Amino acid sequence: LYTLSRSQDDFTMSFAFAAAASFLGALLSALGMGGGSVLILYLTMAAGMAQLEAQGINLVFFLPVAAVALFFHRRNGLVRWRLALPFGIFGCAGVYFGQRLALLAGSGLLGRLFGGFLLVIGLRELFSKGNRSTGGQEEKK
């Protein structure tokens with residue numbers, strides 16, 4: 001009975017932690033702050049997943065979000081279809097070659113690079129001046 005209740009407690013705690021990480025990731029995504037970073041941190045630090053696998057899962061999670069964004073941007077007339085095809089082609093090529101490089105680099109190096117990337121982005125956000133909605137430039141009045 002103890003083993004059964006212990007595993008139930010572990011499941012409940014890990015489910016609550018996963019739900020909190022998901023909520024935080026969704027909240028940060030809605031604010032434009034990269035919820036995928038939260039997902040990768042959760043998968044590597046809390047779930048014990050390798051960096052390469054965590055980044056792959058993050059990319060899979062991105063696909064439905066991108067589809068919904070494309071639907072709404074298309075509906076609002078914000079998609080430039082003449083540019084979409086070249087970006088799509090180069091994007092697919094970038095995914096292929098990026099995946100190859102990631103396999104060569106290995107999880108250890110990827111983890112360190114990702115940590116450094118988060119540090120640089122965090123410091124940039126912390127110490128940057130200006131209005132983010134205008135790309136850091138003051139609005140003209």
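Residues are numbered from 1 along each chain as its sequence is written. In this predicted model, local features need pLDDT of at least 70 and side-chain atom pairs count only at pLDDT 80 or more, while totals for chains, interfaces and linings use all residues; side-chain values use heavy atoms, with hydrogens and water left out.

Confidence is expressed as pLDDT, the predictor's confidence in each residue, from 0 to 100. The protein has a mean pLDDT of 77, and 78% of its residues reach 70 or more. Elements are DSSP runs numbered from the N terminus, with helices (H or I) of at least four residues and strands (E) of at least two. The pLDDT is below 50 over residues 1–5, a stretch with zero contacts in the model beyond near neighbours in sequence; contact denotes heavy atoms within 4.5 Å. Over residues 136–141 the pLDDT is likewise below 50, but this stretch has eight contacts beyond near neighbours in sequence.

Helix H3 comprises 25 residues, 51–75. The expected span of a helix is 1.5 Å times one less than its number of residues. For H3 this gives 36 Å, in agreement with the 36 Å that separates its end C-alpha atoms. A bend of about 25° occurs in H3 at Leu-63, and a proline, Pro-64, follows within four residues. The bend at a residue is the angle between axes fitted to the seven residues ending there and the seven starting there. Just after H3, Gly-77 adopts a positive phi of about 70°.

Accessibility was classed by relative accessible area, with buried under 20%, exposed over 50% and partly exposed in between (1.4 Å probe, protein chains only). Gln-51, Ala-54 and Asn-58 are buried in H3, and the cover over the buried residues of this helix includes helix H2 (35–46) and helix H4 (81–127). Asn-58 counts as buried because its relative accessibility is 18%. Neighbours within four places in sequence aside, Asn-58 is in contact with Gly-36, Leu-39 and Ile-40.

The largest nonpolar core consists of six residues, namely Ala-21, Ile-40, Tyr-42, Leu-43, Ala-54 and Phe-114. Such a core is a set of buried Ala, Val, Leu, Ile, Met, Phe, Trp, Tyr and Cys residues joined through side-chain atoms within 4.5 Å. H2 contributes the largest share of this core, three residues. With neighbours within four places in sequence left aside, Leu-43 is in contact with Gly-48, Met-49, Ala-54 and Ile-57.

Ser-14 lies in helix H1 (residues 2–30) and is partly exposed, at 39% relative accessible area. Its C-alpha atom is separated by 8.8 Å from that of Ala-46, 32 residues apart along the chain.

Two aromatic pairs were found in a search of the whole structure. Rings of Phe, Tyr and Trp (its six-membered ring) pair if their centres lie within 6.5 Å, and planes under 30 degrees apart count as stacked, over 60 as edge-to-face and the rest as tilted. The rings of Phe-71 and Phe-72 have centres 5.2 Å apart and planes at 75°, so this pair is edge-to-face. Phe-71 is partly exposed at 44%, as is Phe-72 at 38%. The rings of Tyr-96 and Phe-97 also form an edge-to-face pair, with centres 5.2 Å apart and planes at 80°. Tyr-96 is partly exposed, at 43%, whereas Phe-97 is exposed, at 52%.
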